[in-house]
Amino acid sequence: MTKQILDLTLDEFGYKGIINLPVWNEFTSDSNDVYEVDFGGDINSPLLSELIDTYDFIVSNQEEIKNVILQELFEEYSGFQAKYCDDEDDEFMPDLTCVNDLKPLISLARVHILDVIKDGIGYFGFEFNCSWDEEHGFGVMLFKNEVVALGGSDSSFLSWIANDHLNESSDTKWNNSFIKDEV
């Protein structure tokens, strides 16, 4: 069943709307369960039926997607600490003991649905505000429930990342600096 895309508009940069994702509400106090969503990633593209299907997929699987994002960030967090922090930055990137320790550190800003399509579903990204990089934020790109890339907010919407993943064999994985490592 197709979900209605709330407040869908077309501007000079492409289609935009609102997506209702209450599972992220506990991470920010001002969202009211709704977040910006844009279609096409870093290019202006038409609103394809696959992008609407991807919107539906995100809404229908939001709890699982949230858990995948948080688990991957939790596992990679020490690498982000090494990149962004020194000994005086404990308040911005404190050590974590569990996934729930991420709640005060990130808040969802927007969702990007890219026009890079695989098996009828587009790649998509979640862009976050984060305590450790207020200027660039944190971003994660996914295909269905698989994390494709973690990094600055741009890793949530750059089409080349999705295209590279689409064209890669299944024996590679992106790390947080966009370098492929053999698994």
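Glu-127 counts as buried, because its relative accessibility is 13%. Buried means under 20% relative accessible area, exposed means over 50%, and partly exposed lies in between (1.4 Å probe, protein chains only).

This is a predicted model, in which local features need pLDDT of at least 70 and side-chain atom pairs count only at pLDDT 80 or more, while totals for chains, interfaces and linings use all residues. Residues are numbered from 1 along each chain as its sequence is written, and side-chain values use heavy atoms, with hydrogens and water left out.

**Salt bridges**

Side chains of opposite charge can pair when their charged atoms come close. A salt bridge here is a side-chain nitrogen of Lys or Arg within 4 Å of a carboxyl oxygen of Asp or Glu. How many salt bridges does a search of the whole structure find? The search finds five. Among them are these:

| Pair | N to O distance |
|---|---|
| Glu-127 and Arg-110 | 3.0 Å |
| Arg-110 and Glu-36 | 3.3 Å |
| Glu-63 and Lys-66 | 3.5 Å |

**Around Arg-110**

Arg-110 pairs with Glu-127 in a salt bridge. This pair links distant parts of the chain: Glu-127 sits in strand S5 (residues 121-130) and Arg-110 in strand S4, 17 residues apart. Strands are DSSP runs of E with at least two residues, helices are runs of H or I with at least four, and both are numbered from the N terminus.

Arg-110 also forms a salt bridge with Glu-36. Strand S4 spans residues 106-118 and holds Arg-110, while Glu-36 lies in strand S3 (residues 34-39), so this pair ties together parts that are 74 residues apart in sequence. Arg-110 is partly exposed, at 24% relative accessible area. Glu-36 is partly exposed too, at 40%.

**Within helix H2**

Glu-63 and Lys-66 form a salt bridge. Both lie in helix H2 (residues 62-84), and they are separated by about one helical turn because they are three residues apart. Is Lys-66 buried or exposed? Lys-66 is buried, with a relative accessible area of 8%. Glu-63 is partly exposed, at 39%.

**Ser-155**

Now to a loop. Ser-155 lies between strand S7 (146-151) and helix H3 (159-167). Ser-155 counts as buried, because its relative accessibility is 0%. Its side chain reaches the backbone oxygen of Gly-152 at 2.7 Å.

Key: Polar contact = N/O pair within 3.5 Å; in protein donor to acceptor, adjacent residues only side chain to side chain.
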